[in-house]
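Please keep the sequence and the structure open beside you.

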Amino acid sequence: MLSKKYSDFLNEIIYQIYPRSFKDSNNDGIGDINGIIEKLDYLKDLGITAVWLCPCYKSPNEDNGYDISDFRDIMDEFGTMDDIKRLISEMHKRNLKLIMDLVPNHTSVEHKWFKESRKSKNNEYSDYYYWYDKPQNNWKACFGGSAWQYDDVRGQYYLHSYAVGQPDLNWENPKVRQEVKAVIDFWVDLGVDGFRIDVIDQISKEMNGRNMLGPHLHEYINEMFGRKNTENLFTVGECFCDNIDEIIRHCKYERNELSTLFQFDHFNCGRRGKFVKKKDSLKKLRDVIVDWQILYQDNDLLHALFTDNHDNGWMLSRMGNDKELRYESATCLAAMFLTLRGVPFIYQGQEFGMVNSKNSRIEEFDDVESINKYNELIKFLPKNIAVKMLNFGSRDNARHAMLWDNSKYAGFSETEPWITMHSRAGEINLENDLKSDKSVFRFYKNLIALRKKSPALTQGKFELISNKNDNFLAFCRKYKNQVLTVVCNFEKESLINTGINGEILLSNMNRTELNGAYKPYEIAVCINNV
Ligand code: TEU
Ligand code: CA
């Protein structure tokens, strides 16, 4: 049985904002906090209840804000502390929650802590990071190269799991844990409603073992979030867990650790690693998601439901048909995820069917991960093939300026954005979507409204109807005397008979009967005749 706190979280619809690309209010080409405030009524209209805001803290932007130089101040390009305080106030006026992005595993080399730490082996900051006379293992950095960087100032090596400018914090040092708790309390005191926690599993590591899931991980998470000051927060950790036992350790209510986790099993569909496309049917995505949906439900855990974020190419391009059936497959993916039991997340642009972009040369890319990957690839591949791989997997796909309308810079700004404009900006944008009779946005809005008014879709039990051979997903959601049935057909036409009848509440192709012939990607939600 879900705890009251967790069952309340089932009512949330969380929208992820990448602030650099969302809306530029002062026309410097960079998104900002005031631009977000301008769009709060847009989010309310969509039916959003909470926002996960990617990092907006002071940063030199080697990793676009995930390299933080001051956790208690706002990046100059994004605005000021007064702006963020106004954002929190304007959100709360609209009954919107704010979930900030906490990055506890590392800082920027420009953080005061690192500047002091590198100065000496015996000052109060010396042990805030992992310093050794020589590399302790052969760990690689996530963005390429060794995870160990020699520092001339200190005369030792430091660990960086990500970019060279992102030194890992030493969580075995109680002063580091105290500092992070103080950062959490600083933002809680400002009214923040929760946190998404970056690479949470890496804060405990073993130099002679793995750079994640170390022996003190749950002790540290509980030390941060098992306190009176944090007991009402919504917390979602970005994890590398691949088994339910580890997820239970992170998220079981009684453990006072996290509310839920972003678990990425389903992101392996349609690709081999991040940059190599693999042809997979939606059947594969269905089987992965359904297996986890049942495991989360059986263990009274919250399932974080998401298809996209700022770190990946678009699911619609990977698993849907982003050309002639873009509306159909976008709405099918929406129905697959937003009718399941859990907490749905929508990434900016997903609500009007965003897809991958197409750059023609490396100079058009911005992301440190993509540029490092390209420089590796061209050691053994032609440049055009390397660019093609980046077009498939680059994080830039999710970081182009938000496409609000048909104007030169898509209503994001009046001036050229910090990143190359999306290659399909003139075709795919909110203005064109709303003009179309096949509007992905209106489908999302109707789907979210249906979810919010249907206890069966928020609180209800998940019961699978389809099986692994079916070319579709069908299931019921049951709550007290309300039973809804969801059918999502996949890439081919199907003749579907669920044996259930009822009134159609939602369809992406104006269906009137639940059973019968389904077109590719056709979906229907009905309320069962009981
Ligand atoms: O990402 C950590 C992580 O999961 C990486 O593997 C990530 O998927 C990245 O794209 C490498 O493939 C988090 C943030 O979401 C990411 O934006 C940051 O770059 C990273 O941590 C470091 O803070
Ligand atoms: Ca701006």
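Rings of Phe, Tyr and Trp (its six-membered ring) form a pair if their centres lie within 6.5 Å; planes under 30 degrees apart count as stacked, over 60 as edge-to-face and the rest as tilted. This is a predicted model, in which local features need pLDDT of at least 70 and side-chain atom pairs count only at pLDDT 80 or more, while totals for chains, interfaces and linings use all residues. Residues are numbered from 1 along each chain as its sequence is written, chains are lettered from A and ligands numbered from 1 in the order in which they are written, and side-chain values use heavy atoms, leaving out hydrogens and water.

With that rule, the count comes to 31 aromatic pairs. In one of them, the ring centres of F9 and F234 are 4.9 Å apart and the planes stand at 80°, so the pair is edge-to-face. F9 belongs to helix α1 (residues 4-9) and F234 to strand β10 (residues 234-238), so this pair ties together parts 225 residues apart in sequence. Helices (H or I, at least four residues) and strands (E, at least two) are DSSP runs, numbered from the N terminus. Both F9 and F234 are buried, meaning under 20% relative accessible area, with exposed over 50% and partly exposed in between (1.4 Å probe, protein chains only).

Over the face of F267 lies R318, at 5.2 Å from the ring centre; a charge sits over a ring if NZ of Lys or CZ of Arg is within 6 Å of the ring centre and within 35 degrees of the ring normal.
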